[in-house]
2 protein chains.
Amino acid sequence: MTTRRSRPGRPRHVPDSGTTSPRDQILDAASRLFVSQGFAATSTREIADMVGIRQASLYYHFAGKDEILGELLRRSVRPTTDKVEKILNRVPPLDFETALYLLVLVDVRTLADVPHNVGMLYQLPDVAKCEVYDEFRNEHAELAAHYADLASEVASKTVRATVSRKQLGDLLIQQVEGVINMRTEDPDRRIPCREAWAIAATCLRICDVPQEKIDAAAPIAIDLLPQFIDDKVVEPA
Amino acid sequence: MTTRRSRPGRPRHVPDSGTTSPRDQILDAASRLFVSQGFAATSTREIADMVGIRQASLYYHFAGKDEILGELLRRSVRPTTDKVEKILNRVPPLDFETALYLLVLVDVRTLADVPHNVGMLYQLPDVAKCEVYDEFRNEHAELAAHYADLASEVASKTVRATVSRKQLGDLLIQQVEGVINMRTEDPDRRIPCREAWAIAATCLRICDVPQEKIDAAAPIAIDLLPQFIDDKVVEPA
């Protein structure tokens with residue numbers, strides 16, 4: 001289920017400066033530092049040093065640390081949110097079970113593939129105090145609302161009677177964001193397909209979707225998934 | 001659902017030094033500082049200053065910052081783990097659905113009541129680097145194993161065939177620990193009974209427990225819950 005393939009014999013721990021834009025190199029170094037030592041404790045000088053550029057060059061690409069953080073936070077949510085419309089267009093009409101299953105798979109992939117487990121940034125208290133965090137919070141709420149919308153389409157009467165629409169969306173996003181905690185626990189952790197499918201099925205079960213509907217939705221969603229994955233590094237034919 | 005009641009006319013933001021032990025005052029100040037500014041960035045001097053004692057007095061109670069952190073981490077997990085046996089003894093024999101429902105309610109209360117959302121400490125990267133974190137990780141794994149044990153007793157054949165025992169435990173604990181994220185998002189957040197019940201029912205649904213069994217388990221578990229709650233401040237009769 002890995003999408004980024006490095007060329008044989010070239011294990012990469014730092015981005016390859018030959019192919020990665022300076023902007024991406026800065027984002028990569030910053031996320032590494034923010035996640036390991038916190039946002040407040042990291043200076044733009046340290047970020048520049050890690051990339052091997054001058055601080056002035058960093059300011060050519062970003063207005064400051066906040067802007068870097070904002071961009072990083074967006075990268076853990078926006079790739080999923082941006083695909084919601086496409087998901088709804090590709091699944092069979094009114095098949096909200098498949099749409100929800102596919103949304104979960106896409107979101108798991110976003111969280112699993114974002115470098116340095118950037119998703120964990122929004123659990124850091126010093127990040128939550130930043131102004132850019134408020135913008136991000138809105139993006140995150142937008143994604144939670146998409147979950148809530150799909151979930152309330154597929155949820156049983158009992159679930160709709162006992163769990164508010166908002167809480168239902170939050171329960172699902174909480175389950176998917178388990179991927180962040182898995183990666184925090186073990187930085188080399190991969191999320192195999194089997195585990196991703198289990199998370200998606202779990203989200204449908206939370207809505208009390210009967211097993212036969214999960215069994216119908218899963219293969220369609222799994223089949224559609226490759227259309228939603230951006231392979232940044234494409235293997236030569 | 002609030003258990004700690006301050007006496008009328010005495011809203012407390014800091015622990016009342018008249019009734020709280022120095023040890024608890026240190027823990028309270030430390031958790032407040034660790035959560036707001038990180039573990040690495042907090043000194044024992046700052047903790048002592050916040051309590052209003054000398055640094056030397058702090059060292060009378062704790063060997064150092066690590067020991068304080070260890071104690072705090074334990075307080076977000078141990079109170080639940082310690083009750084597992086009692087839970088199994090109080091619910092009707094072999095009624096694992098009720099046991100699981102009750103375990104979730106107890107755990108939600110532990111996470112909801114622990115001061116300053118201490119549960120979020122174990123998501124902080126600078127905490128994960130500490131030696132005491134390893135001990136805590138074992139305690140957390142012990143709790144996850146209890147979830148896995150109960151879950152695999154109640155899970156449907158399909159769930160057991162498609163989700164590993166370990167992942168099932170992790171899915172449940174992930175759902176319950178949503179309480180930590182709720183409190184991070186909004187520090188004044190309370191978890192009303194309705195929401196706690198929804199989390200417990202969700203955990204049973206994740207195991208594919210049929211609705212009629214959830215409906216049977218819920219009232220028994222809700223009825224037993226008060227026996228598992230330590231009211232630290234008891235209202236005068």
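A salt bridge is a side-chain nitrogen of Lys or Arg within 4 Å of a carboxyl oxygen of Asp or Glu. The views below show a predicted model, in which 30 salt bridges are counted over all chains.

**View 1. A salt bridge between B:Arg23 and B:Glu71.** The closest N and O atoms of B:Arg23 and B:Glu71 are 3.7 Å apart. This pair links distant parts of the chain, 48 residues apart: B:Arg23 belongs to helix H1 (residues 22-37) of chain B and B:Glu71 to helix H4 (residues 65-75) of chain B. B:Arg23 is partly exposed, at 30% relative accessible area. B:Glu71 counts as buried because its relative accessibility is 16%, and buried means under 20%.

View 2. B:Asp170 and B:Lys166 form a salt bridge, with 2.5 Å between the closest N and O atoms. Both residues lie in helix H11 of chain B, four residues apart, or about one turn of the helix. B:Asp170 is partly exposed at 26% relative accessibility, whereas B:Lys166 is exposed at 55%.

**View 3. A salt bridge between A:Glu135 and A:Arg74.** The side chains of A:Glu135 and A:Arg74 meet at 3.7 Å, N to O. A:Glu135 lies in helix H9 (residues 131-154) of chain A and A:Arg74 in helix H4 (residues 65-75) of chain A, 61 residues apart.

Technical notes
Residues are numbered from 1 along each chain as its sequence is written. Chains are lettered from A and ligands numbered from 1 in the order in which they are written. This is a predicted model: local features need pLDDT of at least 70, side-chain atom pairs count only at pLDDT 80 or more; totals for chains, interfaces and linings use all residues. Side-chain values use heavy atoms; hydrogens and water are left out. Helices (H or I, at least four residues) and strands (E, at least two) are DSSP runs, numbered from the N terminus. Buried means under 20% relative accessible area, exposed over 50%, partly exposed in between (1.4 Å probe, protein chains only).
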